[in-house]
Amino acid sequence: MQYFIDLPLMRVLPFVTNVIMSILSYIFTIKLIENFKEMFIKAGLSGIDMGRADKERIPESMGVICGAVYLCVMFIFIPIPFLEIFLIPSAEFPHAEFVCFIASLLSICCMVFLGFADDVLDLRWRHKLLLPTVASLPLLMVYFITFNLTYVVVPIPLRFLFGNAVDLNIIYYVYMGMMAVFCTNSINILAGLNGLEVGQSVILSVAVIIFNIIELPNPRHLFSLYMMLPFLGVSLGLLKLNWYPASVFVGDTYCYFAGMAFAVVGILGHFSKTMLMFFLPQIINFLYSAPQLFRFIHCPRHRLPNYNAKTGLREPSYAEFKYSDLNFAGRLMLHILRILRFADVRIDHKQDAKWVCCSNLTVMNLFLYWFGSMTERSLTSLVLALQSLWIIIAFTIRYPLADLFYNSTYYHTS
């Protein structure tokens, strides 16, 4: 924070304003959700918590209020970082920084719209992959105009083969577009428990904020800091109401909003590789879920852990299917999962056919299979604790251990 202490008042003002607005966004998010809960229930945007014995209707899609508060706060904040330019007529206006704000909010706004449409219309998966790709185009155009850095630093042990850096050119833009799609969907895949979606987003945003503060006075990280602090504010407000026992559900809207917010700062802040390192638990969950997501193994409509009403505990949920329905790849994956104990696989003969009962492939079901049944609060806390532990390891890799493979310039290029 020494960076802000040493600055003149006019340059400290945007940061102080951003912090104040982030605190207000926390308050407004809670107040607005409380005021609009009944309206959402009357509109049919509600559901039943499958992890509780009572069947009370709970309002869904509260992520749209969270996203709306965030966008309003950021729209109001946009002029603040440029106050010094307005007060000094001879100063040149930083168009590149201004365009970064506009393109970022445009992409986030698109994803809030997509998420709410998904909550209302239950979109197909192909739409969920296509629309984030389109929403990321403004980011990629701004990145091309402002930075256009497409090289990747090569680890020291491999530099005798590839040199200090490799220019990926168009491949780097494809990678960033895929990153935007992954971020917007990965949080939605690791979801379904009270507080899990928002909890992991809060942990990730805190990690990004700490990383940005360490990297100051780099202007790209200052931009990311301005984007992440209000995001943390609205997310904490939503988490307060979504933590077990939840009084509201976040819906797909919040998952897409959060994912695009991380993609925005990762791409335009030019630390996409570090961002993906923070997302390693989500990457592992995606890879673990891939056999079902890509239909090698039967994938039911819902893969949430089951709730046992007698014990009040969460238990693994299962997919049941005929063994003959699997192709060669599916059978191979099933046997590997069974041998490595990465899934509870049971094979039975009934009705003159070979049937398979396999625990659904999410890390939540995996933890329940490994550690036994537990309460929803305990399961959510376990997943979030592992996410926090990984963030600590990631910072250790990002700084103390990075010198083993990279020069110090690596810190400013990833």
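**Reading a predicted model: sheet, salt bridges and backbone**

Guide: In this predicted model, three strands form an open sheet in the order β7-β9-β8, with antiparallel pairing. The edge strands are β7 and β8, each of which pairs on one side only. From one strand to the next, the twist averages 20°.

Visitor: Which residues of β7 make up its covered face, and which its uncovered face?

Guide: In a regular strand, side chains alternate between the two faces of the sheet. In β7, Ala319 and Phe321 form the covered face, whereas Tyr318, Glu320 and Lys322 form the uncovered one.

Visitor: How many salt bridges does the structure hold?

Guide: Side chains of opposite charge can pair when their charged atoms come close. The structure holds five salt bridges. One of them joins the side chains of Arg314 and Glu376, at 3.0 Å from N to O. This pair links distant parts of the chain, with Arg314 in strand β6 (residues 313–315) and Glu376 in helix α17 (residues 376–398), 62 residues apart.

Visitor: Is Arg314 buried or exposed, and what is its relative accessible area?

Guide: Arg314 has a relative accessible area of 3%, which is under the 20% cut-off, and therefore counts as buried. Glu376 is likewise buried, with a relative accessible area of 3%. Elsewhere, salt bridges that share partners join Asp49, Arg52 and Asp54 into one network.

Visitor: What are the N to O distances for Arg52 with Asp49 and with Asp54?

Guide: The closest N and O atoms of Asp49 and Arg52 are 3.0 Å apart, and the salt bridge of Asp54 with Arg52 is at 3.4 Å. Asp49 and Arg52 are both buried, Arg52 having a relative accessible area of 11%. Asp54 is partly exposed, at 36%.

Visitor: What is the phi of Ser61, and what is that of Arg341?

Guide: Ser61 is not a glycine, yet has a positive phi of about 60°. Ser61 lies in the loop between β2 (57–59) and α3 (63–77) and is buried, with a relative accessible area of 1%. Arg341, also a residue other than glycine, has a phi near 60°. Arg341 is in the loop between α15 (328–339) and β8 (345–350) and is partly exposed, at 48%.

Visitor: How many residues of helix α9 are buried, and what span should the helix have?

Guide: At 1.5 Å a residue, the 20 residues of α9 (residues 170–189) should span 28 Å, and the end C-alpha atoms are 28 Å apart, so the two values agree. The helix is mostly covered, with 15 of its 20 residues buried.

Technical notes
Residues numbered from 1 in each chain as written. Predicted model: local features only at pLDDT ≥ 70, side-chain atom pairs only at ≥ 80, totals over all residues. Heavy atoms only, no water. Helix = DSSP H or I, 4+ residues; strand = E, 2+ residues; numbered from the N terminus. Buried < 20%, exposed > 50% of the residue type's maximum accessible area, 1.4 Å probe, protein only. Expected span 1.5 Å × (residues − 1). Pairing = 2+ DSSP bridges. Axes fitted to C-alpha atoms, helices over the stretch in contact; angles between N-to-C directions. Salt bridge = Lys/Arg side-chain N within 4 Å of Asp/Glu carboxyl O.
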